[in-house]
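Welcome! Please take a moment to look through the sequence and the model, and then read on for a short tour.

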Amino acid sequence: MRARQLDRKDLVILNNVSAEFAVSPDSRPLADRARSAVFSSIRDAVLVSGAITGESAQIVDPENVKKTLPDTPVLANSGVKHGTVEDVLKIADGCVVGSSLKVDGHTWNAVDPKRAREFMDIVRKMRG
(Lines give C-alpha, C1' and ligand atoms only; values in the text may rest on other atoms or scores of the structure.)
Protein backbone atom coordinates (compact mmCIF):
# COMPACT_ATOMS: atom_id res chain seq x y z
CA MET A 1 0.00 0.00 0.00
CA ARG A 2 2.92 2.34 0.67
CA ALA A 3 4.06 1.95 -2.94
CA ARG A 4 0.61 2.96 -4.15
CA GLN A 5 0.57 5.92 -1.77
CA LEU A 6 3.93 6.97 -3.22
CA ASP A 7 2.32 6.85 -6.68
CA ARG A 8 5.16 4.68 -8.00
CA LYS A 9 4.18 3.03 -11.27
CA ASP A 10 7.60 1.36 -11.47
CA LEU A 11 7.23 -0.56 -8.20
CA VAL A 12 5.82 -4.08 -8.11
CA ILE A 13 4.20 -5.58 -5.01
CA LEU A 14 4.90 -9.29 -4.51
CA ASN A 15 3.36 -11.17 -1.57
CA ASN A 16 5.46 -14.12 -0.49
CA VAL A 17 2.80 -16.44 0.91
CA SER A 18 5.26 -19.19 1.83
CA ALA A 19 8.48 -17.38 2.67
CA GLU A 20 11.44 -19.75 2.78
CA PHE A 21 12.97 -17.82 5.68
CA ALA A 22 9.98 -17.89 8.01
CA VAL A 23 7.40 -20.17 9.56
CA SER A 24 3.83 -19.04 9.36
CA PRO A 25 1.77 -19.20 12.55
CA ASP A 26 -1.20 -19.64 10.20
CA SER A 27 -2.20 -23.29 9.90
CA ARG A 28 -4.58 -22.83 6.98
CA PRO A 29 -3.66 -24.51 3.70
CA LEU A 30 -1.27 -22.48 1.52
CA ALA A 31 -3.94 -21.79 -1.11
CA ASP A 32 -6.23 -20.28 1.54
CA ARG A 33 -3.41 -18.08 2.88
CA ALA A 34 -2.70 -16.91 -0.67
CA ARG A 35 -6.38 -16.15 -1.28
CA SER A 36 -6.50 -14.15 1.95
CA ALA A 37 -3.36 -12.20 1.01
CA VAL A 38 -4.84 -11.29 -2.37
CA PHE A 39 -8.15 -10.30 -0.82
CA SER A 40 -6.66 -8.06 1.83
CA SER A 41 -3.63 -6.63 0.05
CA ILE A 42 -2.82 -4.61 -3.02
CA ARG A 43 -0.45 -6.91 -4.87
CA ASP A 44 0.80 -7.60 -8.36
CA ALA A 45 1.63 -11.28 -7.81
CA VAL A 46 2.04 -13.91 -5.12
CA LEU A 47 5.21 -15.91 -4.56
CA VAL A 48 5.36 -19.57 -3.57
CA SER A 49 8.70 -20.66 -2.09
CA GLY A 50 10.37 -23.87 -1.04
CA ALA A 51 11.43 -24.65 2.51
CA ILE A 52 14.77 -22.81 2.25
CA THR A 53 16.60 -20.65 -0.26
CA GLY A 54 17.55 -22.70 -3.29
CA GLU A 55 15.00 -25.45 -2.63
CA SER A 56 11.95 -25.66 -4.80
CA ALA A 57 8.40 -25.78 -3.54
CA GLN A 58 6.61 -29.04 -4.07
CA ILE A 59 4.96 -28.64 -7.48
CA VAL A 60 1.55 -29.10 -5.86
CA ASP A 61 2.00 -25.84 -3.89
CA PRO A 62 2.05 -23.37 -6.81
CA GLU A 63 -0.47 -25.59 -8.58
CA ASN A 64 -2.96 -25.30 -5.70
CA VAL A 65 -2.41 -21.56 -5.38
CA LYS A 66 -2.91 -21.06 -9.13
CA LYS A 67 -6.12 -23.11 -9.08
CA THR A 68 -7.39 -21.01 -6.18
CA LEU A 69 -6.29 -17.69 -7.74
CA PRO A 70 -6.59 -18.16 -11.52
CA ASP A 71 -6.61 -14.39 -12.18
CA THR A 72 -3.57 -13.61 -10.01
CA PRO A 73 0.00 -14.06 -11.26
CA VAL A 74 1.69 -16.83 -9.25
CA LEU A 75 5.49 -17.00 -9.27
CA ALA A 76 7.70 -19.83 -8.09
CA ASN A 77 10.15 -18.11 -5.78
CA SER A 78 12.91 -20.55 -4.95
CA GLY A 79 14.66 -23.63 -6.27
CA VAL A 80 13.83 -23.23 -9.95
CA LYS A 81 16.66 -24.89 -11.85
CA HIS A 82 17.61 -25.62 -15.44
CA GLY A 83 16.12 -29.09 -15.17
CA THR A 84 12.84 -27.96 -13.57
CA VAL A 85 12.00 -24.61 -15.18
CA GLU A 86 9.88 -26.17 -17.94
CA ASP A 87 7.68 -28.04 -15.44
CA VAL A 88 7.43 -25.00 -13.17
CA LEU A 89 6.39 -22.66 -16.00
CA LYS A 90 3.65 -25.07 -17.07
CA ILE A 91 1.97 -24.15 -13.76
CA ALA A 92 3.36 -20.84 -12.52
CA ASP A 93 3.18 -17.58 -14.44
CA GLY A 94 6.86 -16.94 -13.87
CA CYS A 95 9.68 -17.47 -11.44
CA VAL A 96 12.25 -15.70 -9.32
CA VAL A 97 15.62 -17.32 -9.93
CA GLY A 98 18.82 -16.92 -7.95
CA SER A 99 20.94 -19.83 -6.83
CA SER A 100 20.76 -21.84 -10.04
CA LEU A 101 22.24 -18.89 -11.97
CA LYS A 102 25.20 -18.53 -9.63
CA VAL A 103 28.70 -19.98 -10.07
CA ASP A 104 28.44 -23.70 -9.25
CA GLY A 105 24.77 -23.15 -8.33
CA HIS A 106 25.65 -21.81 -4.87
CA THR A 107 23.50 -19.01 -3.41
CA TRP A 108 26.35 -16.82 -2.18
CA ASN A 109 28.44 -16.96 -5.36
CA ALA A 110 28.37 -14.37 -8.14
CA VAL A 111 26.04 -14.79 -11.12
CA ASP A 112 27.55 -17.04 -13.79
CA PRO A 113 26.70 -15.44 -17.17
CA LYS A 114 26.95 -18.82 -18.94
CA ARG A 115 24.48 -20.46 -16.54
CA ALA A 116 22.13 -17.48 -16.88
CA ARG A 117 22.24 -17.66 -20.70
CA GLU A 118 21.62 -21.41 -20.65
CA PHE A 119 18.67 -20.97 -18.30
CA MET A 120 17.10 -18.29 -20.49
CA ASP A 121 17.72 -20.39 -23.62
CA ILE A 122 15.57 -23.12 -22.03
CA VAL A 123 12.83 -20.61 -21.22
CA ARG A 124 12.89 -19.05 -24.71
CA LYS A 125 12.77 -22.47 -26.38
CA MET A 126 9.85 -23.49 -24.20
CA ARG A 127 7.91 -20.30 -24.95
CA GLY A 128 8.63 -20.52 -28.68
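## A threonine and its contacts

Apart from residues within four places in sequence, Thr 72 is in contact (heavy atoms within 4.5 Å) with Val 38, Arg 43, Val 46, Lys 66 and Asp 93. You will find Thr 72 in the loop between α3 and β3. Thr 72 counts as buried because its relative accessibility is 5%; buried means under 20% relative accessible area, exposed means over 50%, and partly exposed lies in between, with a 1.4 Å probe and protein chains only.

A word on what you are viewing: this is a predicted model, in which local features need pLDDT of at least 70 and side-chain atom pairs count only at pLDDT 80 or more, while totals for chains, interfaces and linings use all residues. Residues are numbered from 1 along each chain as its sequence is written, and side-chain values use heavy atoms, with hydrogens and water left out.

## The chain as a whole

The chain has 5 helices and 4 strands. These names come from DSSP runs, numbered from the N terminus: helices are H or I runs of at least four residues, and strands are E runs of at least two. Starting at the N terminus, the order of elements is α-β-α-β-α-β-α-β-α.

Of the 128 residues in the chain, 35% count as buried. Among contacts between residues at least 6 apart in sequence, 55% join residues at least 24 apart.

Strand β1 (residues 14-16) runs parallel to β2, and 3 bridges join the two. Asn 15 has Val 46 as its bridge partner in β2. On to the next pair: β2 and strand β3 (residues 74-76) also pair in the parallel sense, over 3 bridges, and the bridge partner of Val 48 in β3 is Ala 76. Between β2 and β3 the chain passes through helix α3 (residues 60-68), making a right-handed β-α-β crossover. Right-handed here means that, with the strands pointing away from the viewer, the path from the first strand over the helix to the second runs clockwise.

## Two faces of a strand

In a regular strand, side chains alternate between the two faces of the sheet. Strand β2 (residues 45-48) has Ala 45 and Leu 47 pointing one way and Val 46 and Val 48 the other, and all are buried.

Leu 14 sits in strand β1. Leaving out residues up to four places away in sequence, Leu 14 touches Ala 45, Leu 47 and Leu 75. Is Leu 14 buried or partly exposed? Leu 14 is partly exposed, because its relative accessible area is 39%. The C-alpha atoms of Leu 14 and Val 74 are 9.5 Å apart, although 60 residues separate them along the chain.

The loop between β4 and α5 holds Ser 100, which is buried at 8% relative accessibility. A polar atom of the Ser 100 side chain lies 2.9 Å from the backbone oxygen of Val 80. Not counting residues up to four places away in sequence, Ser 100 touches Val 80, Lys 81, His 82, Arg 115 and Phe 119. Asp 104 is found in the loop between β4 and α5 too, but counts as exposed, at 59% relative accessibility. Its phi is near 60 degrees, a positive value in a residue other than glycine.

Helix α5 (residues 113-127) has 15 residues and reaches 21 Å from its first C-alpha to its last, close to the 21 Å expected at 1.5 Å a residue; the expected span is 1.5 Å times one less than the number of residues. Just after α5, Gly 128 takes a positive phi of about 80 degrees.

How values were computed:
Pairing = 2+ DSSP bridges. Polar contact = N/O pair within 3.5 Å; in protein donor to acceptor, adjacent residues only side chain to side chain.
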